[in-house]
Amino acid sequence: MTTPEPQSPSPQPSAPVSKDRVYRSPAGIVGGALLLALGLWLGIDAVVAGEGSTPWKALAALVFLVPLVAAYTVRPAVFAGDDRLRVRNPFRVIVLPWGQVDSFRSAYSNEVFAESGDKYQLWSIPVSLRGRKRAARREDRRAAGGGRGRGGVLGGAGSASVEADGPVRAEGDKIMDELRELLETRKAAETSQGEVTVRWAYEIVVPTAIGAVALAVLLGIG
């Protein structure tokens, strides 16, 4: 009589990993890329072809300006996950567990408030008053029977978008609505608790400071 071999348990499918929603400004990225390309072209040309102290001044200007331009254009982003909100601003990175987020506010800039009362600006989600006016006009036309407005590209600061059964909204306001919904659903979750952390972006601050000092010294000595 043969003994049946024990069957190994079938592998259980792993739970899907939730990816962060990333919000950035396409206009800022495009503008920053163009400025960086122009600055690098002019700066490298001055370093290679310049005479006297010109190459050193150009090099110091590049060290000062390149991280500064990148900080305000390409770098800003907001990462919204199931457990936390990570805000990457020009010179700081703020991590707020949803349990520590009190509210969001949209006025002349988009901001997040922590339970402690601290306020942090969302640089990558700019407010567009023109986009709001455009969305209001499209909503008025739709209410009057003129049809739905066209949807905009996600993240476009000046575009307007429309849900299948909702009002026309400026893209920045629509993103803030999504963040408020995520806050409402995840604030009480056990994995969404913790402390707010703020870290300076030394990879931006240090070269900018070094370039500024070097450029000032070179300009001072002629």
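Me: In this predicted model, how many residues apart in helix α4 are D177 and R180?

Reply: The side chains of D177 and R180 meet in a salt bridge, at 3.4 Å from N to O. About one helical turn separates D177 and R180, because their spacing in helix α4 is 3 residues.

Me: Is R180 buried, exposed or partly exposed?

Reply: Buried means under 20% relative accessible area and exposed means over 50%. R180 has a relative accessibility of 30%, so R180 counts as partly exposed.

Me: Which residue forms a salt bridge with E178?

Reply: Side chains of opposite charge can pair when their charged atoms come close. Here the closest N and O atoms are 3.0 Å apart. The partner of E178 is K174.

Me: Is K174 buried or exposed?

Reply: The cut-off for buried is under 20% relative accessible area. K174 has 17% relative accessibility, so K174 counts as buried.

Me: How many residues apart are R186 and D83?

Reply: R186 and D83 form a salt bridge, with their closest N and O atoms 3.1 Å apart. R186 belongs to helix α4 (residues 171–186), while D83 sits in the loop between β2 (77–80) and β3 (84–88). The pair links distant parts of the chain, and the separation is 103 residues.

Me: How many contacts beyond four places in sequence does the model have for residues 10–16?

Reply: The mean pLDDT of the protein chain is 82. Over residues 10–16, pLDDT stays under 50.

How values were computed:
Residues numbered from 1 in each chain as written. Predicted model: local features only at pLDDT ≥ 70, side-chain atom pairs only at ≥ 80, totals over all residues. Heavy atoms only, no water. pLDDT = per-residue confidence, 0-100. Contact = heavy atoms within 4.5 Å. Salt bridge = Lys/Arg side-chain N within 4 Å of Asp/Glu carboxyl O. Helix = DSSP H or I, 4+ residues; strand = E, 2+ residues; numbered from the N terminus. Buried < 20%, exposed > 50% of the residue type's maximum accessible area, 1.4 Å probe, protein only.
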